[in-house]
Amino acid sequence: MGRRLATAVHVQHPTSREWIVLEPGGEPDDDLAAEITNPDAWENDELARDPEEPGLEEPEQEEPQPFGFTPTPEPEPEAEPVQPAPRRRRKTADTDA
């Protein structure tokens, strides 16, 4: 028994290269299932697993970022303020009028 789809997916058939739409709840053949690389496309089968079976715990992961977005970088520490150089007086032009 294959895994069930949670969402509709568009895949390209591996031999005919024809685009196919697979509906939610369907159980695609193994060759088509191999083309589906998004793990969120599949239904969670955690209920079918035995929770006492060793090796099924997934390591904690950071929350995935949405596609195309990068996390905001941590702000760099601010540099210490620098005292501006003292202003110099301009020499007044000699006026011979």
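Residues are numbered from 1 along each chain as its sequence is written, and side-chain values use heavy atoms, with hydrogens and water left out. The model is predicted, so local features need pLDDT of at least 70 and side-chain atom pairs count only at pLDDT 80 or more, while totals for chains, interfaces and linings use all residues.

**Overall layout**

The protein has 1 helix and 2 strands. Their order from the N terminus is β-β-α. Helices (H or I, at least four residues) and strands (E, at least two) are DSSP runs, numbered from the N terminus. Of the 97 residues in the protein, 10% are buried. Buried means under 20% relative accessible area, exposed means over 50%, and partly exposed lies in between (1.4 Å probe, protein chains only). The accessible surface comes to about 10100 Å². Carbon and sulfur atoms hold 49% of that surface. These areas come from the Shrake-Rupley method with a 1.4 Å probe; for residues, only the protein chains shown count as cover. Among contacts in the protein with a separation of 6 or more, 29% join residues 24 or more positions apart. Contact means heavy atoms within 4.5 Å.

**Accessibility of selected residues**

| Residue | Relative accessibility | Class |
|---|---|---|
| W42 | 8% | buried |
| Q12 | 22% | partly exposed |
| R4 | 36% | partly exposed |
| E43 | 38% | partly exposed |
| R17 | 44% | partly exposed |
| D29 | 53% | exposed |

W42 sits in the segment after α1. W42 counts as buried because its relative accessibility is 8%. Beyond its neighbours within four places in sequence, W42 touches R3, R4, L5, A6, P28, A33 and I36. W42 and V9 are 33 residues apart in sequence, and their C-alpha atoms are 9.9 Å apart in space.

R4, one of the contacts of W42, also pairs with E43 in a salt bridge. The closest N and O atoms of R4 and E43 are 3.9 Å apart. R4 lies in the segment before β1 (9-12) and E43 in the segment after α1, so the pair ties together parts that are 39 residues apart in sequence. A salt bridge here is a side-chain nitrogen of Lys or Arg within 4 Å of a carboxyl oxygen of Asp or Glu. By this rule the count is 1.

**Q12 and R17**

Q12 belongs to strand β1. Leaving aside neighbours within four places in sequence, Q12 is in contact with R17, E18, W19 and E35. Q12 and L32 are 20 residues apart in sequence and 8.1 Å apart in space, C-alpha to C-alpha.

R17 is placed in the loop between β1 and β2. R17 is not a glycine, yet its phi is positive, at about 60°. Most residues other than glycine have a negative phi.

**The negative patch**

D29, D30, D31 and E35 form a patch of negative charge on the surface. Patches are made of residues with over 30% relative accessible area and no salt bridge, and like charges are joined within 9 Å. Asp and Glu count as negative. The place of a charge is taken as CG of Asp or CD of Glu. D29 lies in the loop between β2 (19-22) and α1 (30-33). D29 counts as exposed because its relative accessibility is 53%. E35, another member of the patch, is also among the contacts of Q12.

Note on methods
Patch = residues over 30% accessible without salt bridge, like charges linked within 9 Å, V, L, I, M, F, W, Y side chains within 5 Å.
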